[in-house]
Amino acid sequence: MMETERLVLPSPGPLDLPLRAVELGCTGRWELLNVPGAPESTLPHGLPPCAPDLQQEAEQLFLSSPAWLPLHGVEHSAWRWQRKTDPWSLLVALGAPVPSDLQAQRHPTTGQILGYKEVLLENTNLSAMTSLSLRRPPGSPSQALWGNPMQYPFWPGGMDEPTMTDLSTCEEAEEEIDFEKDLLTIPPGFKKGVDFAPKNQPAPALGLLSLSRLLEPLDLGGGDEDENEVVGQLGAPRRDTASASPCISSLARASSLEDLVLKEASTAESTPETPKPPEPQEQWAIPVDVTSPVGDFYRLIPQPAFQWAFEPDVFQKQAILHLERHDSVFVAAHTSAGKTVVAEYAIALAQKHMTRTIYTSPIKALSNQKFRDFRNTFGDVGLLTGDVQLHPEASCLIMTTEILRSMLYSGSDVIRDLEWVIFDEVHYINDAERGVVWEEVLIMLPDHVSIILLSATVPNALEFADWIGRLKRRQIYVISTVTRPVPLEHYLFTGNSPKTQGELFLLLDSRGAFHTKGYYAAVEAKKERMSKHAQTFGAKQPTHQGGPAQDRGVYMSLLASLRTRAQLPVVVFTFSRGRCDEQASGLTSLDLTTSSEKSEIHLFLQRCLARLRGSDRQLPQVLHMTELLHRGLGVHHSGILPILKEIVEMLFSRGLVKVLFATETFAMGVNMPARTVVFDSMRKHDGSTFRDLLPGEYVQMAGRAGRRGLDPTGTVILLCKGRVPEMADLHRMMMGKPSQLQSQFRLTYTMILNLLRVDALRVEDMMKRSFSEFPSRKDSKAHEQSLAELTKKLGALEEPNVSGQLVDLPEYYSWGEELTETRSQIQRRIIESVNGLKSLSAGRVVVVKNQEHHNALGVILQVSSNSTSRVFTALVLCDKPTTEDPQDRGPTAPDVPYPDDLVGFKLFLPEGPCDHIVAKLQPGDVAAITTKVLRVNGEKILEDFSRRQQPKFKKDPPFPAVTTAVQELLRLAQAHPAGPPTLDPVNDLQLKDVSVVEGGLWARKLEELILGAQCVHSPRFPAQYLKLRERVQIQKEMERLRFLLSDQSLLLLPEYHQRVEVLRTLGYVDEAGTVKLAGRVACAMSSHELLLTELMFDNALSALRPEEIAALLSGLVCQSPGDPVDQLPSTLKQGVERVRAVARRIGEVQVACGLNQTVEEFVGELNFGLVEVVYEWARGMPFSELAGLSGTPEGLVVRCIQRLAEMCRSLRGAARLVGEPVLGAKMETAATLLRRDIVFAASLYTQ
C-alpha cells in the first residue's frame, strides 16, 4: 500500500474571512455581515445588470487626475509584453481547399469495397477571385456596385457551365493516360521540376513522372484487412486485380448501394435501343401577331403591376403578357409608338418582385432624361454615368451600356438581384465605334437575367432575335408595329418666290403612296424660279445651295407659311453645327412668342442659370442662346454647353421653343415630337465623304413629326435650295427599307485581357457567339448530326484493296484531283487577265465543262457584262435528246477516269445524231481556250435559235449559219479526240505570273505521273477506285464540317492571335496566356488601355504636376483634331513628345505582329489641340477666358474635360492597384481640379 501524504494548507488570508457585503436597497449604503451565504442585496431580484463606462473611467483615472500616475516608477505602472519574432510564420500559407474526395466503390451485391475513385467536390471555398458561380459569397460592400477588376464575372448565360458530373464524365471519356510517360514533373510557369523516381531504379525520361511506382506500395483493394497487415505489406508486390477491373469499369456513378442496384437493373431492362425521333428544328425568335386584339388581357392580369391613365395598345398588351411570364421580348416599333410603356411595366414588375432593373441607353443625355421621367413615375430610381452616381441602391438603375459592360466584367454584386435589362435604341448597335459594346453585354449577361430590347423598326428583327435566342438558349418574342400612330405627309418646298413661297408639293401621302405629280410640279416651279434668276442676274444659274442671305429668305418664307397654317413647333435638321448657328442667328427679325411666354421663358432661364457662377452667366453662348429663346428659337447640337442643351430640350417639351435648329443627335433623344420636321438638305457628311441620307436615318428624324393625341398627321418638309433631287433618290430615301442591324463586333485589348484572366472563359467563345459569326454558327447542331452520320457511314464502308497492282491507287486518285485543281486555278488566272479576256471574243472555240456539258466544244457568239463578271453566249455541241425533257442533256463524265480522261481533254463526241444548244457561260465554265477561231454570224445564230424555241417553229430546220458552225465544231472534235491545241498561258497569253508558270510545270509533272500509274492495268481498278473515291469524299466532307465547328473557322481568329502576340511582346501576358500585373492594370482602363498602362509603367506621369498630367491626357480624349500651340511650357512639350513616342512604340509592335493599323494611324488617334485649354482650366482659369485660347466649340471643350475626369479616376484606381500612392494622389487632385463650375454643373434632369 502506498502511504498517503499529508496536505499542508496555507493559513487563511483577509479575503478568506466569512464576511458578506450587502447593499441596503438603492441607498448606496453597504453593511458587512458574518453570515455565510447571505444575499448580496436586499432587493427582490438582486442588482440590475450594468456595465462600467470604461471611457469615463479611463478619462477620470488618467486624464482628469494626472497626479495619480507615478512619476518615477514607470516600469511598474505600464506593462509590456515582448513580442516573439518568428520569421518562419511569414512563409506559412494556408492550404488550398481540397477540391476532391475519395469515394469507395463497392460490389453491387456483396458490398465489398473494390476500390476507390476520386470525385470532385462542389462549392469548395468559392470567392469572387476564383469562381464564376452565383453561389459564391458577395464581395465587400464598398465593391458591391462597381465590382473589382480583379474579380471574376458571373457565368454568362447560354454557355454550358460545367457541373461536377460533366467534369467527371469528361475525365472518364478521356483516353487512357500512360503513367510511365505522359505525366510531367514541371508545373506551368516553372523552369525546373522534381524527380520522384526511386534511387535504386533507373530514372524516367527528363520531365516525366512515374506515378505508377509511387502508387505501387498502396493497396486499395482489400477492405477487411487490418491496418497492421496493410503496413506490413508495404514492401510486398501488388496483388493482381485484373479480375476486379471489369466490375470497376462497369460500375455506374451512385451515391448509395441501393441506387447502384436499381441503376443496374434498369439498364438491364432497357438494353434494346429504340430509334430516336428526329429533333424538331429549334425556333428561338417567335413573331407575335399584333393585329388581333387582346380581349382577355385583364382576365389574364387581374392586378397589373402598373396602370396608365390611357388604354395600352395591342402591341403593348402583348409585350406585358410576355413580361408577366418572365419572357424576353424584342419590341421594334415606330418612333413615338410608345415603346417606353414596356420598359415602365418591367420596372414596376421588378419593384413588385423586389428585384432590380437596369435601363441602358446609348448616350448620357438620354440617361439623364430617362432618370427624370422614371423618378417622377416610380421614385426608387438611380443614375450611374461616368461622373454622376445617384441612388445606387435603387431598384431601377439607369446607365450607359459601357458602364453595364464594366460591371459585368468586374463581377458587380448588383447582377445577383437583376431581373430585367432594358436596352433602349438597340439599332445603335450599327454604330461602328460603339456597337461592339451591345454585343459584349448581351453575351456576358447571366442566365437568370431577362432581356427587353427596344428599337425602331428594322427589317431583320427576327434574325437579330434569333441570334439572341440561340445565344441565351431562350425564346425571344418579337413584337413589331405595323403603322405609325400618327401618319406622316412628306412635302417638297422649292423656294421663296412670290408664286411658291406658300406652296408645299405633296410627295408621299399618309397612306404611303408616292405622288409623281407633286414631284414634277416642284421641278417646274424650280425651273421657273431658276429662269427668273437667270433673267435678273445673268445666264449663269446658281448650282450651289446659296449663302446665309438665301437661307434667311427661305426660312423666313417657310416659317411664315407654317405659322399661318398653325404647324408650329418645327424641328429643322441641319447636318452641320456651323450652319445650325448661322441659320438661327440669321432670323433676327423673327419673334414667335407672346409676352406671357416670354415671361415664362425668362423665369425658367433665371432659375436654371442661377446655379452658375457670375462669369459663366455672361458667356457669349449663354447670352446668345438667352436672346434666341426669348424669341422662341433654339439651337441643339454637340457644340452647345450641356446645361443650355437641357434648357432648350425642356422649353421645347413645354412648347415654348417654336423653331429648333438641331443636328441628327436630337433624333436620338426621348419622345420630344413636333408638329413639323424640316430637312435642310438630304445630304450629310459621315466622317469620310458626303452622301445621301439612308432610309433608316431619314425615318428616325422624320419620326419626330406628329404629336400623338394632338395632330392628325405629321408634316415632313424637304427644302430644295438648289435643284430638286432626283426622283429615284427621293423614293429610295423615303420608301426604302431601313438599315439592317449589322454586327460591328471587333476585338479590343480590354475584352481579350478581361477574358484571359478567367480560365473558364475563352475569347474564342466570345467570337463564336458574336452576331457576325451567327450566319455560319447557327447550323452547328445540324453539322454535328451530319458529322456523326458520316462517321457512322465511314465506319460501315469496306476498305479498298490496294495490294498488288493497286498499290499506287491512292496516289493515282490524289494526282487526278490535284491536276484538276491546278488546271482550274490556271484557267481562273487566265480569265482574270486582260489578254485572256481579249482572246474570249466572238468566234473563239472553247472547251466547255459544267453541270450540263463535259469537255464539249463550243464557239462564242456574244460577250456581255453584268454587274459582277462577263457572260459568254456560246453554241455548244450536245447529244440529240430522245425525249422532250431538257434534263436528259446531262454531262457524260466518266465514273472512273483513266489516264486518257485526265491527261488532256478527252472531248465529247455525240453517240447518235449531233445536236446543239445556245447557252450562257460563266467564266468558270470555260475549261480551255483553243487556238481555233471560226467565222460565225452570232446575231443570226441567236435569232434562229430563239425562233426555234417557239412551239410553232420547233421542228423547222436551222439556218445555214448554224449548220456550218455545228459541222465545223464536230469536225474539230473528230480530228482532235484528246482536245485541240490550246492557248499557252505563258507563251501565247504572256502571263508571267509565278503561280501560273509553276502551275503549268506542276500540271505537266502530274500528267507524267498519271501516265505511269500501274493501278489502271488491274481488272479490279474500277471497283476499287469507286470505293476509294467514296471514302475520300466522305473524309473531305467530315474535314469540312470539323473545320466549320472548330475555332479555326472564326473570321477574327488571325487578328486575335496577332493581338495576343502584341500583349505578349509588351509583357501583359506570359507565354502560357496568364495575365500579368500590367495586363490587370490595363483591365481597369476604360479606353486607350495600352497607352495609359505603358505611360504608367514608364513613370512618364509620376514626375509631373496634376495639372500637367491632365493636360497631357487630354490628347487621348479630345475629339477635335489639332496640334498643340507653340506657347506651351517646355514640360508639356516634352510630355507630348514622350506620349507620342510611347504610342509610336506600341504602333510598331502592332505592325510587327501583323495588325493592319499603321504606326501613323495609331499615333494619329491622339489630338493635342486642347492641351493649353485643359492646362489653364486645371490651373483655375474661368471658363469665359478659355474661349480665346481655342476655336473649339464650348460644348466639345466641356465634353473633353468631362471624359478627362473619368480617365483620371481610372488611372487613380490603377495606381492604387500597383501600389503607386503618389501617382494615385496626383490623379485624385487632377480630377478635383477639373470638376468645377459650368463644366460639371449638375444636370437639370437630376435636380
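## Terms and overall composition

A residue is called buried when its relative accessible area is under 20%, exposed when it is over 50%, and partly exposed in between, with a 1.4 Å probe and protein chains only. The structure is a predicted model, in which local features need pLDDT of at least 70 and side-chain atom pairs count only at pLDDT 80 or more, while totals for chains, interfaces and linings use all residues. Residues are numbered from 1 along each chain as its sequence is written, and side-chain values use heavy atoms, with hydrogens and water left out.

The protein chain contains 44 helices and 27 strands; these are DSSP runs numbered from the N terminus (helices H or I, at least four residues; strands E, at least two). Of its 1247 residues, 45% count as buried. Among contacts (heavy atoms within 4.5 Å) with a separation of 6 or more, 72% join residues 24 or more positions apart. The accessible surface of the chain is about 66,600 Å², and carbon and sulfur atoms hold 54% of that area; accessible areas follow the Shrake-Rupley method with a 1.4 Å probe, and for residues only the protein chains shown count as cover.

## Buried helices and helix packing

Helix H24 covers residues 749-756, and because eight of its eight residues are buried, it is largely enclosed by the rest of the structure. The buried residues of H24 are Tyr749, Thr750, Met751, Ile752, Leu753, Asn754, Leu755 and Leu756.

Helices H13 (residues 435-444) and H14 (residues 461-472) pack with their axes 9 Å apart and at an angle of about 35°. The axes are lines fitted to C-alpha atoms, for helices over the stretch in contact, and angles run from 0 to 180 degrees between N-to-C directions. H13 contributes Glu439, Leu442, Ile443 and Met444 to the contact, and H14 contributes Phe464, Trp467, Ile468, Leu471 and Lys472. By class, the residues of this contact are seven nonpolar, no polar and two charged. In this scheme Ala, Val, Leu, Ile, Met, Phe, Trp, Tyr, Cys and Pro are nonpolar, Asp, Glu, Lys and Arg are charged, and the others, Gly among them, are polar.

## Individual buried residues

Leucine 321 belongs to helix H9 (residues 314-324) and is buried because its relative accessibility is 9%. Leaving aside residues up to four places away in sequence, leucine 321 touches Val294, Phe297, Leu300 and Ile301. Leucine 300 is 21 residues away from leucine 321 along the chain, with 8.0 Å between their C-alpha atoms.

Asparagine 368 is located in helix H11 (residues 364-378). Its relative accessibility is 7%, so asparagine 368 counts as buried. Beyond residues up to four places away in sequence, asparagine 368 touches Leu383, Thr385, Glu646, Ser1243, Tyr1245 and Thr1246.

## Salt bridges

Side chains of opposite charge can pair when their charged atoms come close. The structure holds 43 salt bridges, a salt bridge being a side-chain nitrogen of Lys or Arg within 4 Å of a carboxyl oxygen of Asp or Glu. Glu664, Lys684, Arg691 and Glu697 are linked in a network of such bridges.

Arginine 372 and aspartate 373 form a salt bridge through their side chains at 3.3 Å, N to O. Arginine 372 is partly exposed at 22% relative accessibility, and aspartate 373 is partly exposed at 27%. Aspartate 413 pairs with arginine 416 at 3.0 Å, N to O; aspartate 413 is buried at 11% relative accessibility, whereas arginine 416 is partly exposed, with a relative accessible area of 22%. In the salt bridge between glutamate 764 and arginine 762, the closest N and O atoms are 3.8 Å apart. Here glutamate 764 is buried at 13% relative accessibility, and arginine 762 is partly exposed at 33%.

## Exposed loop residues

Leucine 90 lies in the loop between helix H2 (74-77) and strand S3 (100-106) and is exposed, with a relative accessible area of 73%. Together with Trp88 and Leu91, Leu90 forms a nonpolar surface patch that has about 460 Å² of accessible area. Patches consist of residues with over 30% relative accessible area and no salt bridge, like charges being joined within 9 Å and nonpolar side chains (Val, Leu, Ile, Met, Phe, Trp, Tyr) within 5 Å.

Lysine 880 is found in the loop between strand S25 (870-879) and helix H30 (899-902); its relative accessibility of 51% is why lysine 880 counts as exposed. Lysine 880 touches Pro913 and Asp915, not counting residues up to four places away in sequence. From lysine 880 to glycine 912 the C-alpha to C-alpha distance is 7.2 Å, although 32 residues separate them in sequence.
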